[in-house]
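Dear colleague,

Please find the structure below, handed over for your own work. A short account of what was found in it comes after.

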Amino acid sequence: MLRAVAVRCFLGLSIAAFGQSITYTNNEYPSKGFPTTQADMNGDGILDIVTTGTGPTGKFGFYVTLSNPDGSYQTPTFYTSPYNGGTGNIVLGDFNRDGKVDVAEVEQTSSYYIFLNKGDGTLFPSWNFSTGGGTLNFNITTADFNHDGKLDLVIMDGAHTPLQFLYGHGDGTFSAPSLIPTDGTPINLFVVGDYDADGNADLATTWSHCDRGVGCKTYVRVRYGDGKGGFSSPTAIDYDLDYQLNWSDDVNADSRSDIYGYYTGSFNSVRILYGNKNRTFTVRDVTPANIAYGPEAVDLNGDGIKDLAVIESVSGTPTVAVMLGKRDGSYQPEQFIYSNAHLVTLLAGRYDRNTKPDLMAWQALDASNDTGNFEFLHNTTSGHFPSCAPPNAARGIAVCSPLNGSTVRSPVKFSVGAAFTSPLRKTEVWIDGVKRKESFNSYATYSFLKGSFALAPGSHRADIYSATYDNLLQHVTVNFTVQ
């Protein structure tokens, strides 16, 4: 079931009447391949960018562009399998549970390839695994779908309709594939989240296509996970328009994942499908001033409300625009913050070591999208951003207040920053066995919590958790005394 509301954003309104300006500094670094995903591959506390493309010899693979501790970026390094079959896709995750981010790849062969991380962001040569004769694997995603603490894989096979599910063993290897039935709808992309907030990872597939004389169609199929590796029958969401609904995030910070994207035709629309606990979606259409693409949902001004960043075509020039979110779910008019020719897509993340989320606008310099520039927009906006930076590592929880073993006064102020090897959903604080707060102030692989709690004099124990969308947890304990 879908319920629809609409929001329009008009440029005729004054930006100053609604909120502060988004400010930034810009750094540019050369890139290779098309940006698809990001993680802290070398454990320095700054996100690295992983892109797909062709290498120097024309073989398909992926590039890893590592960060430096000062926020600069290195020359991209190319990786490929020995059995190159054509274009494909990648996914990131800690597949052998050593705290380092690895890469899984498919490239239109009957195999998939696992590249384990050496620990410094460089990768070992691939482990090659077959999914059986006749398969043609062209997309891949990962989550801990069965709650055993090990990442699993789901692979799309272009030669057959069913999806392939592979249980993770936790050592970088996986089970033989079992099949997930589909309804025969074409599928192209995966979107993973927890759309009903039951603690189980859900799996959505999307497809959009236009035929001359027939028109355009968008298909979304949501399969709700049971936490044991099984899925419900797909819930169908279809549109007679061409939407790219390829993003998943908790846009309105209500604990439920949402699906969002943009209309690829001649009118201006960003479409958000808000997930509901009863396994329905509420649709909101946001109308930018210009045709927009590549949306990212992230709190750029530190008010605790996620904003929308998009690329808009302004008088023919691609321009990064930010629509600040309002508490009623609507958005302020655009602020146009950065223009450059051939901007193609956006990512939001931590590209320096402060707690303000940044943007990366990718600029394509050739028709193949293999050569380009990373345009990093480092956030310098004033606002109530988290004060506790996460560890300078691929995973971990920093508790800046209260310190372990400290003596403090009530109310006790908590300030937490977490990092992980997969995208984070939330951070929780439990005091003396009682959950006192959960915070959905998260972006990319980072999550933050601030809180103040009145506590009686004496000794107390705080357990702090961070959780991903599939409920993978990390945990630290802080003991303190209240005077």
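Predicted model: local features only at pLDDT ≥ 70, side-chain atom pairs only at ≥ 80, totals over all residues.

Residues are numbered from 1 along each chain as its sequence is written, and side-chain values use heavy atoms, with hydrogens and water left out.

Sheet. An open sheet is formed by four strands, in the order β23-β24-β25-β26, with antiparallel pairing. Strands here are DSSP runs of E with at least two residues, numbered from the N terminus, and two of them pair if DSSP finds at least two bridges between them. At the edges are β23 (292-298) and β26 (335-339), each of which pairs on one side only. From one strand to the next the twist averages 25 degrees; axes are lines fitted to C-alpha atoms, and angles run from 0 to 180 degrees between N-to-C directions. Strand β25 (residues 317-323) is joined to β26 by four bridges. Thr319 has Ser339 in β26 as its bridge partner.

Aromatic rings. Rings of Phe, Tyr and Trp (its six-membered ring) pair if their centres lie within 6.5 Å; planes under 30 degrees apart count as stacked, over 60 as edge-to-face and the rest as tilted. The count comes to 30 aromatic pairs by this rule. One of them, Trp127 with Phe129, is edge-to-face, at 6.4 Å centre to centre and 75 degrees between the planes. Tyr239 and Tyr243 also form an edge-to-face pair, at 5.6 Å and 65 degrees. Both Tyr239 and Tyr243 are buried, that is, under 20% relative accessible area with a 1.4 Å probe and protein chains only (exposed is over 50%, partly exposed in between). Trp127 is partly exposed at 36%, as is Phe129 at 21%. Ring pairs also link Tyr29, Tyr73, Tyr351, Phe374 and Phe376 into a cluster.

Charges over rings. The criterion is NZ of Lys or CZ of Arg within 6 Å of the ring centre and within 35 degrees of the ring normal. Lys118 lies over the face of Phe124, 5.4 Å from the ring centre. The charged end of Arg350 sits over the ring of Tyr446, at 5.4 Å from its centre.

Yours sincerely
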